[in-house]
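Keep the sequence and the 3D view side by side as you read.

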Amino acid sequence: MSVLLKNMKRCPSCNRTYTDPSLNFCLEDGSPLVIDAAPSSTPGSYPTSRDRAPLPTQAYQPQHAPLLNQVEPSAQPRQWTPMGAPVPRKKSNAIWWVLGGVGVATILVIGAAIMILTLASLGDSNENSNGNANTNRNSNSRTVNRNTNTNSSVTNVNSSANLPSSFEDDFSEAKWGAGNYDYGDIWYDDDEYHMRAKAKSFLVMYAPSNDYNTENATVRVTTRSVDGNGPSTGYGLIIHGQKKGGDLEDYALLIYTGADPQYEIVKHKGGEQTTVVAWTKSKTIRSGTSPNQLEIRARGTDLTFYINGQYVDRITDTENFKRGVAGLYTSDTADVAFDDLEIER
């Protein structure tokens, strides 16, 4: 009995005593226990029944949660605090865990979005590369067009240094390609060169030889809508045309000859058609079946555009396409005719 008294521990707050040597904290209020000196009671006296039969050890749980009874005597309370008093350290850890989880989730969402956009972009790029697809969107029809160049001989065009100062083609002789193609039909009729594309497509034809080289040249052609219903996505004149790796490279001046005449300047490169100058209204363009003369003047990288002898626009050849040849362009299913092509160097 004397051994138990020497090892007895007491709570300094509530004075409750404990004989279990493994307990370090009061089970009532959590205060650290202190070792009591042997009591001054007379030999042979016994502690009260309260000291002799301590309550079972209990592990602390948050309020409203059931208590877990009969924990092993060696178990120590973890992050224990009196009921109602918050545990700052525990609360702080929870917040950081929540914030960390939100951050990780955000990064995963952003990463997934980037991956989806990248895969979509790669898919579009592959489709354009494999099908030689060129996109053309304008204010009139907003259609997606595809094209092909039926003349495959104009690759790696040479310089125009040894060419004559002027060159003409009145289309009285069948020099250019003609026939029925995947993207439209081309034929000669009454000394004119006719082109008609398939629905939602555009058709490009480059000149048959380097005689049509447009480096530092002024190029003109006369064109008209045969039935007065010109293509809503335009038709017109091309300069600096050549094929690189199977893809078109050129600049084109296109016109729309409907009720509200307009012009557009586009560029072909890497299997795509991009707008350089968006559709712009112009009173110089004749509508219906009336012919229009289109003219492009190339001086180094400076390109100026004229319609029926009047200046309409100017751009810089940022791609350095200067050694290509002349070409012709149409879109949709309307029949258009070209005549009197002139090149001055």
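**Rings, sulfurs and backbone angles**

The whole structure holds nine aromatic pairs. The model is a predicted one. Take the pair of Trp 176 and Tyr 193: the ring centres are 5.5 Å apart and the planes meet at 50°, so this pair is tilted. Trp 176 sits in the loop between strand E6 (166-169) and strand E7 (179-181), while Tyr 193 belongs to strand E9 (residues 192-197), so the pair ties together parts that are 17 residues apart in sequence. Trp 176 is buried at 4% relative accessible area. Tyr 193 is buried too, at 0%.

Trp 176 has another partner, Tyr 212. Here the centres are 5.5 Å apart and the planes stand at 80°, an edge-to-face pair. Tyr 212 is buried, with 2% relative accessibility.

Now step back to the group. Ring pairs join Trp 176, Tyr 193 and Tyr 212 with Phe 167, Phe 171 and Tyr 188 in a cluster. A ring also meets a charge: Arg 297 lies over the face of Tyr 306, 3.9 Å from the ring centre.

Turn to the cysteines. How many disulfides does a search of the whole structure find? The count is zero. A disulfide is a covalent bond between two cysteine sulfur atoms. The sulfur of Cys 14 has its closest cysteine sulfur in Cys 11, at 3.5 Å, which is too far for a bond, because a disulfide needs the two sulfur atoms within 2.5 Å. Cys 26 is in no disulfide either; its nearest cysteine sulfur is that of Cys 11, 3.6 Å away. Cys 26 is buried at 4% relative accessibility, whereas Cys 14 is partly exposed at 33%.

Finish with the backbone. Most residues other than glycine have a negative phi. Asp 332 has a positive phi, near 60°. Asp 332 is in the loop between strand E19 (325-331) and strand E20 (336-344). Its relative accessibility is 14%, so Asp 332 counts as buried. Asp 340 also has a positive phi, near 50°. Where is Asp 340 found? Its place is in strand E20. Asp 340 is partly exposed, with a relative accessible area of 37%.

Methods: Residues numbered from 1 in each chain as written. Predicted model: local features only at pLDDT ≥ 70, side-chain atom pairs only at ≥ 80, totals over all residues. Heavy atoms only, no water. Helix = DSSP H or I, 4+ residues; strand = E, 2+ residues; numbered from the N terminus. Buried < 20%, exposed > 50% of the residue type's maximum accessible area, 1.4 Å probe, protein only. Phe/Tyr/Trp six-rings, centres within 6.5 Å; stacked < 30°, edge-to-face > 60°. Lys NZ or Arg CZ within 6 Å of the ring centre and 35° of its normal.
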